[in-house]
Amino acid sequence: MSQQNARVIIFDTTLRDGEQAPGFSMDVPSKLKMAMALEELGVDIIEAGFPIASPADAEATRQVAMQVRRPVIAALARCRPADIDEAARALEPAERKRIHTFLATSDLHLEKKLRITREACLDATVTAVKRARQVTDDVEFSAEDATRSDRDFLCRVVEGVIAAGATTINLPDTVGYATPDEIRDFFEEIRRRVPNADKAIFSAHCHDDLGLAVANSLAAVQGGVRQIECTINGIGERAGNASLEEIVMAFRVRQDRLPYDTSIHSPLLYSTSQLLTDLTAEAVQANKAIVGRNAFAHEAGIHQDGMLKDSRTYEIMKPADVGQTPEQLVLGRHSGRHAVNRRCETLGFGLSADELAAVYHEVVTLGEHRKSIGDNDLRRIVARVRAGQEVSQSTH
Ligand code: KIV
Ligand code: ZN
């Protein structure tokens with residue numbers, strides 16, 4: 001970490017926003033395993049659950065609070081006394097605890113969903129934050145649907161909850177509607193207009209409905225945010241949340257444009273992602289940035305040739321930086337001779353020019369019928385070429 005870079009707090013909500021998405025629910029032992037991996041990864045805050053939502057959520061939060069000691073453990077609560085009390089109970093064993101209380105502030109949510117007035121909303125937020133402060137000094141308030149809220153009203157709410165003791169102000173883009181330039185202006189405006197804004201850390205929580213969650217989170221940081229809420233593999237409601245691994249690596253790779261640091265130990269990103277897919281049985285898309293199967297794989301001949309000469313031609317970070325296997329040159333019908341030869345050498349075969357031409361021909365031909373060609377296929381091809389046999393029909 002460099003001296004002059006600002007530090008961005010990583011608030012991981014894989015176990016709360018991520019876990020509440022269809023197909024991603026985890027039982028208590030799975031949540032605990034995941035929380036331990038997140039601790040090792042270096043996240044600052046783990047949102048362990050929404051204790052009032054179910055006894056299992058409360059138990060998972062309690063287990064995480066009991067067994068995961070370094071990060072702050074957060075629990076979600078609506079701005080209701082029963083929610084805050086339940087969150088407080090679940091967090092009781094935590095070394096360091098945060099109550100995260102939230103209420104929507106947009107007129108759409110107030111009128112259509114909650115059927116309460118702005119004044120009632122303001123009152124409930126302040127009352128909830130004061131109650132949470134009786135449990136812990138670390139209280140986060142989230143204004144659900146903040147980016148679609150009336151700015152004057154949002155400023156009043158933010159000022160009120162900071163005065164009531166909120167130490168982190170999270171302004172979510174709940175429905176993934178914002179654009180990067182807009183969300184940067186949004187945070188700059190709220191921080192400029194709220195008189196006591198300097199008493200709290202501002203936080204972004206961006207959803208991915210337009211595929212902009214990571215871009216919006218980075219823009220929010222440029223607008224003064226110092227906490228990002230994100231999830232492993234970007235899981236979360238609907239299209240998901242901002243992906244932790246993408247944010248961390250954007251800071252790491254683009255220090256020239258994004259001079260910020262996080263506490264994340266990036267070589268553990270891939271194994272943490274894999275653990276989540278194992279626990280939830282939900283695969284990551286092959287071309288997912290950073291942790292997808294293809295994120296560092298090269299099949300096209302021109303790319304493979306470039307990679308073999310200097311990996312910087314087609315890679316902006318090293319696979320090892322994120323815990324992925326290095327040099328993934330996939331053999332298939334798009335491969336080039338250079339890569340086929342290199343793989344043969346790795347397997348211990350030094351091929352003559354004629355042998356290489358024949359092996360290459362067979363790899364490309366077999367690749368018409370196969371997604372990829374593995375080491376055993378290649379061994380068979382080399383053996384048959386050397387035995388002088390036709391192989392493309394017989395290698396299956
Ligand atoms: O998306 C959202 O607004 C939320 C809040 C509860 C923080 O998840
Ligand atoms: Zn959310």
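## Exercises on the domain interface and the ligand site

Across the interface of domain 1 and domain 2 in this predicted model, the rule finds zero salt bridges.

**Exercise 1.** Determine which kinds of residue domain 1 presents to domain 2, and how many residue pairs are in polar contact across the interface.

*Solution.*
1. Start with the bounds: the domain assignment places domain 1 at 6-280 and domain 2 at 297-394. Their C-alpha centres are 45 Å apart.
2. Count the contacts, taking heavy atoms within 4.5 Å. Six residues of domain 1 touch seven residues of domain 2.
3. Take the buried area, which is about 530 Å², with carbon and sulfur atoms giving 66% of it. On the domain 1 side, Met-249, Val-253 and Tyr-270 lose the most area to domain 2, and together they make up 72% of what that side buries.
4. Look for polar links: two residue pairs are in polar contact, both at pLDDT 80 or more.
5. Assign the elements. α10 (244-253) and α11 (269-280) each supply at least two residues of the domain 1 side.
6. Sort that side by class: five residues are nonpolar, one is polar and none is charged.

**Exercise 2.** Find which residues surround ligand 1, and give the distance from a polar side-chain atom of Arg-16 to an oxygen atom of the ligand.

*Solution.*
1. List the surroundings: Arg-16, Asp-17, His-100, Phe-102, Ser-142, Glu-144, Asn-170, Pro-172, Thr-174, His-205 and His-207.
2. For Arg-16, a polar side-chain atom is 3.0 Å from a ligand oxygen.
3. Asp-17 likewise has a polar side-chain atom 3.0 Å from an oxygen atom of ligand 1.
4. For His-205, the corresponding distance to a ligand oxygen is 3.1 Å.

Notes
Residues numbered from 1 in each chain as written. Chains lettered and ligands numbered in written order. Predicted model: local features only at pLDDT ≥ 70, side-chain atom pairs only at ≥ 80, totals over all residues. Heavy atoms only, no water. Domains from an automatic or database assignment. Buried area = accessible area lost by both parts, 1.4 Å probe. Salt bridge = Lys/Arg side-chain N within 4 Å of Asp/Glu carboxyl O. Polar contact = N/O pair within 3.5 Å; in protein donor to acceptor, adjacent residues only side chain to side chain. Helix = DSSP H or I, 4+ residues; strand = E, 2+ residues; numbered from the N terminus. Nonpolar A, V, L, I, M, F, W, Y, C, P; charged D, E, K, R; others polar. Near = heavy atom within 4 Å.
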